[in-house]
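User: I am new to this structure and would like to understand the reasoning behind the labels given to its aromatic rings. Could you take me through it step by step?

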Amino acid sequence: RVPDLNDSGSGSISGIMRTGAELFPERADFRWAASNGTQGSEPDYDCAVMPYAGWVCMRSGWSADANYLLFDAGPFGTGHQHEDKLSIIVHAFGRPLLTECGMYAYDTSRWRRYCLSTRGHNTVRIDGMDQNCRRDRMEYQATEPNTYGFFNNDAYCYARDSHTAGYGKNSDKTVTHRRRILFVKPAFWIVVDDFVASDEKEHAAEAQVLLDADSAEIDEQTMAAAGAGRRPGRLAVIPLQTERLSLRVAQGETEPEVRGFLPEGFERLRSVPALLYMRRFARNATVAYALVPFEGPRIPAYVTDNVLHVKDQSYHVKITGTRLATLEAEHSFDVDEPALGRVQSL
């Protein structure tokens with residue numbers, strides 16, 4: 001199924017893949033998708049970037065229960081758009097574990113406004129304000145292809161992009177947000193959010209993780225959290241740095257604004273936990289966390305002295321404001337970022 005991006009809904013791909021297989025009979029991967037894997041052959045890649053749409057997909061494989069993360073790094077679009085720049089979706093164990101509000105009835109209600117807003121997506125608000133890409137026509141379409149720093153090998157996949165269109169009704173562009181994502185195959189992702197302000201004032205960055213779960217289990221000391229409930233599979237969120245970081249769970253809130261809901265049908269929403277990681281800063285800051293899909297009663301990951309332990313493996317992690325410097329396990333990985341204006345000057 002396609003993920004819940006903008007007003008698309010999570011529809012089946014079978015019909016369009018059947019049409020694709022008829023139009024392009026040489027495409028064995030189209031036949032494979034159209035037949036639910038009984039004909040043809042699966043794609044010969046696991047991760048991909050769409051240079052105009054700006055979607056980056058990081059997969060562990062093509063089985064029904066494979067892990068994948070979708071990173072929405074692209075332009076705003078020209079219709080049915082949501083304010084979701086740099087948002088992410090995580091799918092594992094045959095279902096979404098981290099998702100977004102998706103499609104809601106085309107009315108003028110506060111619920112519709114919530115689903116269109118940054119509050120309904122897994123990205124960042126600044127100073128309590130949603131993104132405002134709608135106001136900047138230059139954000140609507142890609143004029144040329146972009147690889148978004150995409151890198152992929154047998155051990156890792158990486159991508160990054162920035163939100164520069166501003167926040168709030170007046171499109172305040174004081175703060176720039178860059179998000180970098182590293183997939184450590186096949187088990188987990190590291191998400192790094194960099195913030196740079198052009199003034200000397202204190203700002204508040206709020207990174208949301210909207211879990212598709214009945215509730216959330218929280219470790220008050222480490223601020224690690226995981227979804228809980230009766231559905232298969234869970235997602236753990238493991239902060240890699242906790243200095244000046246705070247966590248609040250918003251679930252089913254309607255005042256002062258709608259928070260912590262996911263759609264259930266075209267005109268209904270259900271309450272889910274939204275993890276709100278808040279970081280106050282002046283000039284610049286970095287927030288980093290790991291996303292680990294798992295099953296079972298205990299989170300299989302924790303952090304000690306810059307070492308991330310995940311499922312009996314240990315990873316030495318060093319994170320700076322300008323690059324993800326090293327991540328060592330059986331392999332080493334180094335990403336040197338190209339110039340990125342104010343963010344690069346940290």
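Analyst: What follows concerns aromatic rings in a predicted model. A search of the whole structure finds 10 aromatic pairs.

User: Why is the pair of Phe76 and Tyr140 called edge-to-face?

Analyst: The ring centres of Phe76 and Tyr140 are 5.4 Å apart, and a pair needs centres within 6.5 Å. Their planes stand at 65°, and planes over 60 degrees apart count as edge-to-face, so the pair of Phe76 and Tyr140 is edge-to-face. Phe76 is in the loop between strand S3 and strand S4, while Tyr140 is in the loop between strand S6 and strand S7, and the two are 64 residues apart.

User: How do you know whether Phe76 is buried or exposed?

Analyst: Buried means under 20% relative accessible area, and Phe76 has a relative accessibility of 7%, so Phe76 counts as buried. Tyr140 has a relative accessible area of 9% and is therefore buried.

User: What makes the pair of Tyr277 and Tyr289 stacked?

Analyst: The planes of Tyr277 and Tyr289 are 15° apart, with 6.3 Å from centre to centre, and planes under 30 degrees apart count as stacked. Because Tyr277 lies in strand S18 and Tyr289 in strand S19, this pair ties together parts that are 12 residues apart in sequence.

User: How do you know that the charged end of Arg59 sits over the ring of Trp62?

Analyst: The charged end of Arg59 is 4.3 Å from the centre of the Trp62 ring, where the distance must be within 6 Å and the direction within 35 degrees of the ring normal. Trp62 also forms one aromatic cluster with Trp32 and Tyr45.

Note on methods:
Residues numbered from 1 in each chain as written. Predicted model: local features only at pLDDT ≥ 70, side-chain atom pairs only at ≥ 80, totals over all residues. Heavy atoms only, no water. Phe/Tyr/Trp six-rings, centres within 6.5 Å; stacked < 30°, edge-to-face > 60°. Helix = DSSP H or I, 4+ residues; strand = E, 2+ residues; numbered from the N terminus. Buried < 20%, exposed > 50% of the residue type's maximum accessible area, 1.4 Å probe, protein only.
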